[in-house]
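Take a look at the sequence and the model below. This short report walks through a helix, a loop and some charged pairs.

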Amino acid sequence: SRGGLTTKIHAVTDALGNPVCLHLSPGQEADISHAPAILKKIFPKALIADKAYDSNDFMNGLKAVQPDIILVIPSKRNRRQMRDWDRELYKERNKIERFFNRLKHYRRIATRYDKTARNYLAFILLASSITLLL
């Protein structure tokens, strides 16, 4: 994917909802396949993610690198053995959703006019910088 309609934006935010790391991927690839590339740049104390990141290999790999990390990832419905997760801490995931909502206020990002990933990511970084300043 170049930068058009099928490009996915992967973002990591801090506890206040400010962007820490941004990454683009083709829309046909799974979200979890790009998570290790993003998380090797940062070392969070807690990781709150959605069901797309529910994988034993992924979570065990994170625990191997950072044993004291708190993982708050709900189990997928098709998981044979459901895991426990902190529902109260999971409510903090709305901050990443609010960050994406702030990005979608920029028409160029929401409609994905840019055809190259480089230009698309550049404008996402610019919009993220503007939202940090406001």
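## Salt bridges

How many salt bridges does the count come to? The answer is seven. Keep in mind that this is a predicted model. Side chains of opposite charge can pair when their charged atoms come close.

Start with Arg79 and Asp54. Their side chains meet in a salt bridge, at 2.8 Å from N to O. Arg79 sits in the loop between S4 and helix H3 (87–90), and Asp54 sits in the loop between S3 and H2, so the pair ties together parts that are 25 residues apart in sequence. Are these two residues buried or exposed? Both Arg79 and Asp54 are buried. A network of salt bridges links Asp54, Arg79 and Arg83.

## Two more pairs

Lys95 and Glu92 also form a salt bridge through their side chains, at 2.7 Å from N to O. Lys95 is partly exposed, with a relative accessible area of 22%. Glu92 is partly exposed too, at 37% relative accessibility.

Next come Arg93 and Glu97. Their side chains meet in a salt bridge at 3.0 Å, N to O. Arg93 has a relative accessible area of 19%. Buried means under 20%, so Arg93 counts as buried. Glu97 has 41% relative accessibility and counts as partly exposed.

Now turn to helix H2, residues 56–65. Which of its residues are buried? They are Phe58, Met59 and Leu62. Seen down the axis of H2, these buried residues fall within an arc of 95°, so they line one face of the helix. An α-helix has 3.6 residues a turn, so residues three or four places apart point the same way.

What covers the buried residues of H2? The cover includes helix H1 (35–39), strand S3 (46–48) and strand S4 (70–72). The other side of H2 has exposed residues: Asp57, Asn60 and Ala64.

Finally, look at Arg112. This residue is not a glycine, yet its phi is positive, at about 55°. Where is Arg112? Its place is in the loop between helix H5 (107–110) and helix H6 (117–133). Arg112 has 15% relative accessibility, so it counts as buried.

Definitions and conventions
Residues are numbered from 1 along each chain as its sequence is written. This is a predicted model: local features need pLDDT of at least 70, side-chain atom pairs count only at pLDDT 80 or more; totals for chains, interfaces and linings use all residues. Side-chain values use heavy atoms; hydrogens and water are left out. Buried means under 20% relative accessible area, exposed over 50%, partly exposed in between (1.4 Å probe, protein chains only). Helices (H or I, at least four residues) and strands (E, at least two) are DSSP runs, numbered from the N terminus. The arc is that of the directions from the helix axis to the C-beta atoms. Contact means heavy atoms within 4.5 Å. A salt bridge is a side-chain nitrogen of Lys or Arg within 4 Å of a carboxyl oxygen of Asp or Glu.
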